Amino acid sequence: MALTALKPSDFHAGRVCLFAISLISCLFNVVVSKSILAERLLLKYGIIPDVIDAAPDFTIDVSHHNRTLRMGEKIDPAEMQRVPKLRWPARPGTLYTLLMIDPDVPVRKNPTLAERQHYIVGNIKGCDFRHGQEMTGYIGPFSAKHSGLHRTTFLVYSQNSHVQFDEPRYPSARDRSFKQRYKFSARKFAEKYNLTLFAVNFFMTGWPLYQGTRRPTAPKYHPFREHFAPSPMEM
């Protein structure tokens, strides 16, 4: 049986294939490792089972002041008084719903007022949440003194189609409906509209974490003035 000599192009093609396989394997391992780490953090901090039942496949990238925040990171509430940049691996043609909630109101050990709505937007095309259907206007994290750290949680759900939301609208913290943001349930909300959890992230926030600085003044319009974390404008 005669042996056929391999051409140099065959060796080159083989090396390219091996490189592509190695690259795909590395990317797969990175994604799996990131997913495992996220699940461990969600379990460690009790997001599972307090907020969600299981870890979704993806995490939400949250960035602020040109810095990407790490899951579980301690963030001074003053840094989150404006809507951060949010991204997730959106699928073409899919609509999403974004929730930002606090499950630790008034305190984690006794969350009798949980969950508190901070931001809710539905019918989002891709990651363009600023042009979605806003139901609850954004307010940054805040908490009472001595109430410990709060787990500010971002949730993204995928929708089967365009949803006709019939939720009450809370456009801003300036109106008198602010107290209606309490005793919300992300689980019941998702079940009501047949939403599927797609991505998650969370951060630890609380009464100003910084030390050695003058106590800032809270916004005048807030109904719980003495409990409000400062805004960047008042630092």
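This is a predicted model: local features need pLDDT of at least 70, side-chain atom pairs count only at pLDDT 80 or more; totals for chains, interfaces and linings use all residues.
**Close-up 1. Strand β8 is largely enclosed.** Take a walk along residues 150-158: 9 of the 9 residues are buried, so the rest of the structure largely encloses this strand. In a regular strand, side chains alternate between the two faces of the sheet. Here, His150, Thr152, Phe154, Val156 and Ser158 point one way, while Arg151, Thr153, Leu155 and Tyr157 point the other way. Whichever way they point, these residues are all buried.

**Close-up 2. Strands β3, β2 and β4 make an open sheet.** This sheet has 3 strands in the order β3-β2-β4, and the pairing is antiparallel. The edges belong to β3 (67-68) and β4 (85-87), each of which pairs on one side only. Between β2 (residues 61-64) and β3 there are 2 bridges, in the antiparallel sense. Look for His64, which stands opposite Arg67 in β3.

**Close-up 3. Phe165 and Phe189 stack their rings.** The model has 11 aromatic pairs in its count. In this one, the ring centres of Phe165 and Phe189 are 6.0 Å apart and the planes sit at 5°, so the pair is stacked. The two partners come from distant parts of the chain, 24 residues apart: Phe165 is in the loop between β8 and α3 (186-192), and Phe189 is in helix α3. Are these two buried or exposed? Phe165 has 8% relative accessibility, so it counts as buried. Phe189 comes in at 4%, so it counts as buried too.

**Close-up 4. Four aromatic residues gather in one cluster.** The members to find are Phe58, Trp88, Tyr96 and Phe198, which together form one aromatic cluster.

**Close-up 5. Arg116 lies over a ring.** Which ring face does Arg116 lie over? It's the face of Phe142, with Arg116 at 3.9 Å from the ring centre.

Key:
Residues are numbered from 1 along each chain as its sequence is written. Side-chain values use heavy atoms; hydrogens and water are left out. Two strands pair if DSSP finds at least two bridges between them. Helices (H or I, at least four residues) and strands (E, at least two) are DSSP runs, numbered from the N terminus. Buried means under 20% relative accessible area, exposed over 50%, partly exposed in between (1.4 Å probe, protein chains only). Rings of Phe, Tyr and Trp (its six-membered ring) pair if their centres lie within 6.5 Å; planes under 30 degrees apart count as stacked, over 60 as edge-to-face and the rest as tilted. A charge sits over a ring if NZ of Lys or CZ of Arg is within 6 Å of the ring centre and within 35 degrees of the ring normal.
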